[in-house]
Amino acid sequence: MSAEPRTRGAAGEGLRSAGDRGADVISIEHVVKEFGPVRALDEVSLAIRENEFFALLGPSGCGKTTLLRCIGGFEEVTSGRIVLDGADLVGTKPYTRPVNMMFQSYALFPHMIVWDNVAYGLRAERLPKEQIRERVDDVLAKVGMSSLAERRPNQLSGGQRQRVALARSIVKRPRVLLLDEPLAALDRKMRQEMEMELKRLQHEVGITFIVVTHDQEEAMTMADRIAVMNAGHVLQVASPQELYDRPVDRFVAAFIGRMNFLEGTVVPGAVLVERHGPLRAPVDGLKEGVAASLAVRPESARVLRSPEDASPQDVTVSAVVEGVAFVGSQVHTHLVLEVSGTPFAIVDSGRVSMASPGETVTVAWAPDAARVLTS
Amino acid sequence: MSESRAGTAGWLKVHMGLLFGFLYLPLVVLVVLSFNDARRSVVSWQGFSTRWYGEVFDDPQILRALGTTFVIAALATLLSVVLGTLLALGLERHTRSSVLDGAVYFPILVPDIVTGIALLSFYSLIHFTLGTGSIVIAHSVWGIAFAAAIIRTRLRGFDRSIEEASLDLGVKEIPTFLRITLPVIMPGIVSAALVVFTLSVDEFVIAYFTAGQTVTFPIQIYSMIRFGITPEINAVATLLLAFSMLLIVAALYLNRPRPDGMPELAGGRT
């Protein structure tokens with residue numbers, strides 16, 4: 001942890017869940033998955049901790065769902081190990097793995113009522129009838145579906161189906177619950193509600209959750225830690241704050257929240273940006289002459305009427321205002337930097353100085369609020 | 001404008017009336033004549049009677065032929081539905097070849113007479129004794145194709161993740177097939193069975209070629225017709241008509257698109 005000032009964006013505060021975390025439940029070691037000539041997962045390694053709410057985040061086609069399906073046993077890995085509680089799962093069938101999955105389509109059995117859907121997995125374990133009844137009733141109560149237990153899946157709304165799918169996947173008390181885009185089918189309002197609910201439920205049942213999502217806001221809200229994936233690789237594994245404040249590369253920086261980029265090369269104490277000259281930035285440990293992107297969060301920069309308003313250590317660039325959007329709590333200012341023509345966005349409270357389109361202003365930021373990314 | 005359109009609509013109604021008359025009048029005549037209290041070969045209406053139905057059920061030849069036909073239809077249906085289901089599953093899930101698809105449905109399109117001749121020469125080539133068994137196999141040739149075609153329409157909307165969910169919940173492959181896959185596609189299987197059964201019961205050409213000494217129901221009727229159309233034959237035909245209609249309506253009812261038959265996709269990726 002550094003002493004840098006932490007700025008948080010619109011993504012909201014990631015909720016922490018209590019409970020002890022620490023020991024790894026599942027570790028994915030050098031997993032490769034090939035579909036013919038296509039490498040969907042390329043040497044993926046990850047460790048997921050006990051009781052953690054873990055998110056696999058990335059654009060579609062990045063391999064996140066493939067990885068989830070490899071853990072569930074629906075895809076065989078080409079090479080590598082998936083170790084759960086010390087035992088390698090590779091080569092075992094889905095029905096022997098102490099892992100359950102909630103499918104994106106929910107995959108409810110259409111010919112069974114809700115109650116039988118949820119009881120299905122317990123009946124497979126041949127538990128005593130009394131015990132099955134108790135556990136099914138209990139889990140249906142937990143997800144608020146007790147009153148609809150006699151319905152068929154086609155008589156339920158999307159949100160209700162989602163709850164049944166969730167109940168069915170946790171009733172067996174798996175070591176790890178896999179959730180494939182659990183909220184993708186819900187509308188925005190319902191999604192926000194369910195984000196909180198999933199979080200609460202995970203805390204309540206004390207099961208490790210691995211959720212796949214393409215929605216960074218969803219991942220930031222729910223997850224304790226997030227693995228950002230792209231093109232079959234895990235780029236960074238970190239807490240939501242860490243990902244936002246200290247992205248390791250351009251992809252993560254652009255994928256998590258919004259980011260302004262200025263391309264240049266590393267020089268002592270600064271990044272040399274073409275036509276702008278050297279802009280001071282934290283370049284410690286970086287080799288001189290390396291190509292680098294200077295990355296500035298929209299809320300880390302300010303719009304100033306004149307260069308004199310900047311504090312002496314600030315980096316300043318003059319820009320022309322393209323457009324201003326007032327969205328209530330914030331003002332989004334879209335600018336184009338003079339000389340280079342690079343687009344630049346700033347988000348602030350707008351109370352200090354609300355610029356108008358066409359106006360020439362000064363864009364300023366503290367050098368250590370910027371990140372220098374070399375890949 | 002509107003007048004000429006009304007005129008067109010009027011003509012359409014007449015046209016439709018004629019068409020339906022053309023399609024259904026012979027059937028109506030058949031049914032009516034089966035209740036005609038007349039002597040053989042008299043076509044004029046002599047009063048209502050069900051005596052010909054009584055005679056049908058007193059005729060040992062007709063009853064024996066009916067029994068043979070039902071046994072053949074039942075066996076051919078069983079064979080067609082079991083193999084057709086497996087074929088449909090295999091085609092739907094493990095091939096992308098449209099040539100193979102066409103090859104499977106081809107037997108439906110081959111003229112019956114060609115199928116009959118081909119089977120007859122094949123049976124004699126391998127010295128297969130003609131009889132009930134040879135007809136069952138012959139009917140299964142297109143029965144399997146029909147069954148596969150009907151069951152595939154059911155499989156097309158099948159969300160395979162429900163099978164994965166079953167495996168995931170601790171149930172092995174074969175029990176998963178029996179408890180999840182089979183119940184969900186069952187309406188398609190039953191409707192395929194009804195169609196194959198109906199087609200087998202009234203199939204004449206192929207059965208005639210491959211029957212040997214066996215007399216099926218259509219063959220029996222054919223031999224009766226040679227002595228003229230009797231009210232008894234009308235009664236038999238009416239019974240067959242009622243039976244076929246019942247099965248076909250049941251098949252259509254079972255295979256109708258239903259909201260609860262298949263889970264709707266819960267939503268796509270955004």
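Q: At roughly what angle do the axes of helix H6 and helix H8 of chain B cross?
A: In this predicted model, the axes of helix H6 (residues 132–156) and helix H8 (residues 173–201) of chain B cross at roughly 150° and come within 9 Å. Because angles over 145 degrees count as roughly antiparallel, H6(B) is roughly antiparallel to H8(B).

Q: And is the crossing left-handed or right-handed?
A: The crossing in which H6(B) passes H8(B) is right-handed.

Q: Which residues make that contact?
A: On H6(B) they include B:His139, B:Gly143, B:Phe146 and B:Ile150, while on H8(B) they include B:Ile185, B:Pro187, B:Ala192 and B:Leu199. By class, the residues of the contact of H6(B) with H8(B) are 12 nonpolar, 6 polar and 1 charged.

Q: Switching to chain A, how many helices and strands are there?
A: Chain A has 8 helices and 20 strands, and its C-alpha atoms fill a box of roughly 80 × 45 × 40 Å along the principal axes. Of the 375 residues in chain A, 45% are buried.

Q: How many residues of chain A are in contact with chain B?
A: There are 28 residues of chain A in contact with 24 residues of chain B. Strand E6 (99–102), helix H2 (114–124) and helix H4 (158–170) of chain A each supply at least two residues of the side that touches chain B, and the largest share, 3 residues, comes from H2(A).

Q: What about that side of chain A by class?
A: The side of chain A that touches chain B has 15 nonpolar, 8 polar and 5 charged residues.

Key
Residues numbered from 1 in each chain as written. Chains lettered and ligands numbered in written order. Predicted model: local features only at pLDDT ≥ 70, side-chain atom pairs only at ≥ 80, totals over all residues. Helix = DSSP H or I, 4+ residues; strand = E, 2+ residues; numbered from the N terminus. Buried ≥ 20, exposed ≤ 12 C-beta atoms within 10 Å, placed from the backbone. Contact = placed C-beta atoms within 7 Å. Nonpolar A, V, L, I, M, F, W, Y, C, P; charged D, E, K, R; others polar. Axes fitted to C-alpha atoms, helices over the stretch in contact; angles between N-to-C directions. Parallel < 35°, antiparallel > 145°, perpendicular 65-115°, else oblique. Left-handed = near helix turned anticlockwise from the far one by under 90°.
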